[in-house]
Amino acid sequence: MSVETDIVGAVHTKVRHDSARGHVTGQAQYIDDMPLLPGTLEVVLVTSPHPHAAIVSIDVAAARAADGVRDVISANGIPGDNNIGPVFDGEPALAEGVVDYVGAPVVAIAADSYDQARAAAALVKIDYEVRPAVLDIEQALEQELYTYPPQFMTIGDPDAAITKAQHRIDGEVRCGGQDHFYLESHIAMAVPGEFGDLQVYCSTQHPSEVQHGVAHVLGVPTNEVTVEVRRMGGAFGGKESQPSIFAAIAALLADRTGQPVKLRLRRDDDMVITGKRHDFLFRYDVGFDPDGRIEGVDILMGMRSGNVADLSPGVLARALCHADNCYYLPNARLRGYPCKTNTVSNTAFRGFGGPQGMLVIETVIEHIARTLGRAVDEIRAVNYYSTDDRNVTPYQQRVTDNIILPIVDRLRSEIDFDGLSSAIDEFNGANQTLKKGIALMPVKFGISFNTPKLNQAGALVHVYTDGSVHLNHGGTEMGQGLFTKVAQVVASVFQIDLDNIKISSTRTDKVPNTSATAASAGSDLNGMAAFNATNTIKARMVEVAANHFSASVDSIEFRQNRVYAGNESLSFTELAQLTWDERVSLSATGFYSTPGLSWDAKSMIGNPFYYYTYGAAVSEVVIDTLTGESRVLRTDILQDCGNSLNPAIDLGQIEGAFVQGQGWLTSEELVWDDAGRLLTHGPSTYKIPGSRDVPPIFNVHILEDAPNREATIFHSKAVGEPPLMLALSVWLAIRDAVSRVTGHRHLPNLDAPATPEAILMAVDDIKRRDSQTPSPAKV
Amino acid sequence: MAKLHVSTTINGEPTEFLCEPYETMLDVLRDGLGLTGSKEGCGSGDCGACSITLDNRLVCSCLMLAAEAEGHEINTIEGMAKGENLQPLQQKFLEMAALQCGICTPGMLVAAKSLLEHNPNPTETEVRYWLAGNLCRCTGYDKIVRAVMDTAEEMRGAAQ
Ligand code: FES
Ligand code: FES
């Protein structure tokens, strides 16, 4: 795969996002911007006010008679299977018999206008018989309520290792959930075609899954439903399984009324009805030697799955697979419990369990450091995976591409970590109220879907006789620049300028049976599928050219928009025309499946990841010990992207992911009341980072000269999720600041998110504990 | 209730429309006038995706009643470029990759343009504060802030 860069827009160059001009002029069309077809109906959902109740009766007579109302449905109006579960069956689109979270859709109303549908929604009478609800992780753990059986991963003999170790600690820590807060809320628009066909425009990362959901609910074969999406206004995992609910309801109403139907959730409804990042409760028990080397760990992960499983099995598996982060755990028992609660089912969110898994092991490392009175990075250093030995993960995959040590060393020395740390000591010595902290966060993240079968992709490429190219693949564009990167791949293979390639919307009738655009694997998978499709066409064109020039196939070269055989040449366009003249096909599909993957979900053993990406960040923060407020002062990042397909886009992914992670760990707090209602359901109460909250000094670098050792697309590496976990440096730095209040003598009691209240309580707590310690162990 | 008749100017064009008394400016722009560049991110005045200017004042069009446009001058993202020529902020956002999914971008640009009209020489802190009402979930803001700072500098240079 040699790459010439003498075309415009080759791989490894900083090409701008394909829709950038449309974005800045407001011309890029999102689904809500599409002109409405005449007769389009709008939908309002009637949702459950109770976390758990039996549905005794539903009376929709008054709603049906209301102005402008065209149709009203509940579960019994579903002709097919009321099931949109992505992994397990039995997850309904509309509640049937029982409701099991506040916000569960029960009735859908289609009317001529949104306002009419909303007015009618108030007329629906539902009688409930309220049942006891389980609202938090502890309750579910106590009652052993799970959405599917717990998952265990074990290596070595953890009990013996922990007991025999010279030091032993245990502890508990938790992290909150996170709303995706894509700026474009969920939307689906279904348009009936002839003979029962349906075209569904849907803001989704997973058109194939939405297609299945719609087909199940309608009870029709999959080939009657086409799902299409050109672009999303953000997704972050929130539009992987969740859109099926809305697409299925819109499609059903369109099918019943014969009219186009649009279902767009308003922000507050979106936040109440749809799933979020899983919150976790962790308990750990760890044995280690006097150097801080971990000998055995037992970690309990109580994950809030919510009312149904949804994608929880994958999330929990990934959390378990990342509880090692960069550290060798020779003896480990990792126990995952998918707690069933009467709250909305949590779902995919960038990182997919990885961030939570890393949070607990980083807490363990910090706990060891505080126990031994050593620096956290010293404890890290003795625990990092080696390259040749000490490199087997708890799921028994060998880490063979480890570069964490050089990354960490380089970052630490480039920013003079130790110098920054002593400057902080000075500052803290001179300031009573404000205290600074600093922390490093190393990240190793496994690339591939944990479930091997999902690691496949398809593409469809056409060359027209004027030399222009049409590109389609199964990946979706949510802002991450996937379409641009895949087009760069095609341009590089054909050696033609990027603007000859038309990028088209993702459609289930062009490339079928796709996987979600998720797990950071979008460009790895779809880039490779498009590479294969393009090479198929290219091979045919090479034959035509060889015949034309009476030259050998080997002598044909595609270069700078032309095709050469020695001194003779044709333009790419001329060759395209010639290929058609010769009656040779200029269209091809391409397919790719990631090699070498295996996974046994029962024993939790295998090689689930094709490779790992690595990165490290250092953040410096300041906290106000009287108010609990915190600011990030500075962040430095060094991230491995392999041979980046597009450094401009990858830098954007790193920055955006980091800030999203920072939000999860600091300001984004989901609050439910005792009645199971989400109180933080809009941006006035749920705080995502704003322009003032992000690091004012933000130095982000891509690791250079680090091609992927595996044969990925042009030796690039995936980048969508890994940098999110670098934001743990912010959380750890806040913990460091709290710990410095009492001279690093204690481990702070601070969960995530580290909101001002939480920080203030942690400061008070650590001061109290320190005052109760008569002769503190000196650092 | 009868619809209201409103005469206003949108992006320099005299415009008339009919609206319900309770309709927001955002709804009329998007649904009535086909100007879908302004987006609804929250509908509650907290995200800035619907930013427009009303007589050169930056407002959230989701919080403004359409009827309030009577006799005033509205500017939206659609009026920012002059034909094929992008306004300098648009050009800079595009060059510096200060966007990803792009759905916050129109509101962000309208807000940034309004800042530079009020204050052609903002400090970085002023940029961050001015844009604090415009949420972006994708970029992390750094490139947006840099793009606004760079544009301001270039525009000052060009004005001299
Ligand atoms: S839609 Fe107007 S501020 Fe969010
Ligand atoms: S670019 Fe997606 S919200 Fe800003």
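This is a predicted model: local features need pLDDT of at least 70, side-chain atom pairs count only at pLDDT 80 or more; totals for chains, interfaces and linings use all residues.
Residues are numbered from 1 along each chain as its sequence is written, and chains are lettered from A in the order in which they are written. Local features need pLDDT of at least 70, side-chain atom pairs count only at pLDDT 80 or more, and totals for chains, interfaces and linings use all residues.

Strand S7 (residues 151-155) of chain A is joined to S15(A) by 5 bridges in an antiparallel arrangement, with A:Gln151 opposite A:Gly336, where pairing requires that DSSP finds at least two bridges between the strands. Strand S14 (residues 294-306) of chain A runs parallel to S15(A) and is joined to it by 9 bridges, and A:Leu300 stands opposite A:Arg335.

The domain assignment of chain A, which is automatic or taken from a database, gives domain 1 (20-29 + 456-593), domain 2 (36-132 + 180-273) and domain 3 (280-450 + 601-771). The C-alpha centres of domain 1 and domain 3 of chain A lie 39 Å apart, and 17 residues of domain 1 of chain A are in contact with 17 residues of domain 3 of chain A (C-beta atoms, placed from the backbone, within 7 Å). Of the domain 1 side, H15(A) supplies the largest share, 6 residues.

Between the chains, the contact takes 40 residues from chain A and 40 residues from chain B.

Note on methods. Two residues are in contact if their C-beta atoms, placed from the backbone, lie within 7 Å. Helices (H or I, at least four residues) and strands (E, at least two) are DSSP runs, numbered from the N terminus.
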